[in-house]
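Q: Could you show me how the packing of helices is read from a model, and then how a nonpolar core is read?

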Amino acid sequence: MLVTVSLGWATLQTGRFLLSPLLPTIIDDLGITEATAGIALSVFTVAYALTQYPAGEYSDRWTRTTLVVPALVILTVGFALFGLTTGLATFMFAATVVGVGKGLFASPSRALLSDLFTANRGRALGIYAAGTDVGGLLSSGIAVIALTYFTWRTPFFPVAIGLGILTAVYAAITREGYQIGEPSLDLSGTVGRLVKSSQQRETLVAFALFYFMVGGFINFVPTYLAATKGFSESLAGLTFAIVFAVGFAVKPTAGMLGDRFSRRGVGVTGLLVAAAGLIALIVASADLAVWLAVGLLSLGYKTGFPLADAIILDGAPADGMGADIGAARALFLTANALGPAYVGIVATYGSYDLAFGGFVVCLLVAAGLLARRD
């Protein structure tokens, strides 16, 4: 199950990250504006965020399989639709379908791993989360090959085929049945559990600030490097790959350290290292210094993903893990979606350095909140 759901996450993240390098070509081919393309991606993000909580709670009440298998089917259809896109309407519909499918998959699959791995929960979630970085690395190379020899639509078909195969594998190995029960949601009860104590509230704020920083950084770092460091597009893209390469190694390690020591302690250390790396990136001028700063920043902030999931799941009741992680991730992803808007506004009326400096403050505040009562 760990291998299957981790491969599923890596495959869908490959498809998701294909959109970034292919977007300029997509804009030209469909005859749309950058603003329209941005709206389409926002639709994806909103659909992804809104389905987190219901998917998580339904996976508690029904079974994980009842949510995971349909999610994989929806993702398969969604990425196939990207490959069949003929205009803006199809593109928007595909983005919505993929957003819903990803949201249905994300929380139940994490809750499933939490069910299966109690003693090594952090390590399992770290392996799973590393799929994001595998996807980021693969998508960069695949996009270059597609644009050189094929069209921007071509690579979405292998992604759809891969997800289709994983759907069949998951359905074959699961020991759970399919069950649909009561459709109502206990949102007030879930929120009440999450904000019950001041430490829990501060934890939610800390990771919301962390996701806010990630949303702005990950979407704007290539542009930032080109605008402030004089990097070419290719050099900025190569530097961006450092983020995923470091994350692939760091996430499982961070999860394992969280299992062995204190999750909060490891998380605070990661946030402080990330803040130091971001400061170094702002002041760096030489190419080597920029690469080292990006590596240090990645080393720090990539620890946050498996630890955030594990800390929320540690505090959740056995019959409410999906609901709690779903509601928490809905909050985190909403904050994540605001990050790019913040960078765009501050960079327009101030500077990129000022915007990224604000992220340093976010990381330091997050570290302080997470460290309280540890």
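The dialogue below takes up helix packing and then the nonpolar core.

Q: What describes two packed helices?

A: Two packed helices are described by the angle between their axes and by the distance between those axes. The model here is a predicted one, and in it helix 9 and helix 14 pack with their axes 7 Å apart, at an angle of about 45°.

Q: Which kinds of residue make up the contact of helix 9 with helix 14?

A: The residues of this contact divide into 15 nonpolar, six polar and one charged. Among those that meet are Phe207, Tyr211 and Gly215 in helix 9, and Phe332, Ala335 and Gly339 in helix 14; helix 9 passes helix 14 in a right-handed crossing.

Q: At what angle do the axes of helix 13 and helix 14 cross?

A: They cross at roughly 135° and come within 9 Å, and these two helices are therefore oblique to each other. In helix 13, Asp309, Ile312 and Leu313 meet residues of helix 14 that include Met321, Ile325 and Arg329; the contact comprises six nonpolar, no polar and three charged residues.

Q: Which residues touch the most other members of the largest nonpolar core?

A: This core has 115 residues, and those touching the most other members are Phe79, Phe82, Phe105, Phe217, Leu281, Tyr301 and Phe356. Helix 9, residues 198-228, gives the most to the core, with 15 residues. Leaving aside residues up to four places away in sequence, Phe82 touches several residues, including Leu19, Phe91, Trp152 and Phe156.

Key: Residues are numbered from 1 along each chain as its sequence is written. This is a predicted model: local features need pLDDT of at least 70, side-chain atom pairs count only at pLDDT 80 or more; totals for chains, interfaces and linings use all residues. Side-chain values use heavy atoms; hydrogens and water are left out. Axes are lines fitted to C-alpha atoms, for helices over the stretch in contact, and angles run from 0 to 180 degrees between N-to-C directions. Helices (H or I, at least four residues) and strands (E, at least two) are DSSP runs, numbered from the N terminus. Angles under 35 degrees count as roughly parallel, over 145 as roughly antiparallel, 65 to 115 as roughly perpendicular and the rest as oblique. Contact means heavy atoms within 4.5 Å. Ala, Val, Leu, Ile, Met, Phe, Trp, Tyr, Cys and Pro count as nonpolar, Asp, Glu, Lys and Arg as charged, and the others, Gly among them, as polar. A nonpolar core is a set of buried Ala, Val, Leu, Ile, Met, Phe, Trp, Tyr and Cys residues joined through side-chain atoms within 4.5 Å. Buried means under 20% relative accessible area, exposed over 50%, partly exposed in between (1.4 Å probe, protein chains only). A crossing is left-handed if the near helix is turned anticlockwise from the far one by less than a right angle, and right-handed if clockwise.
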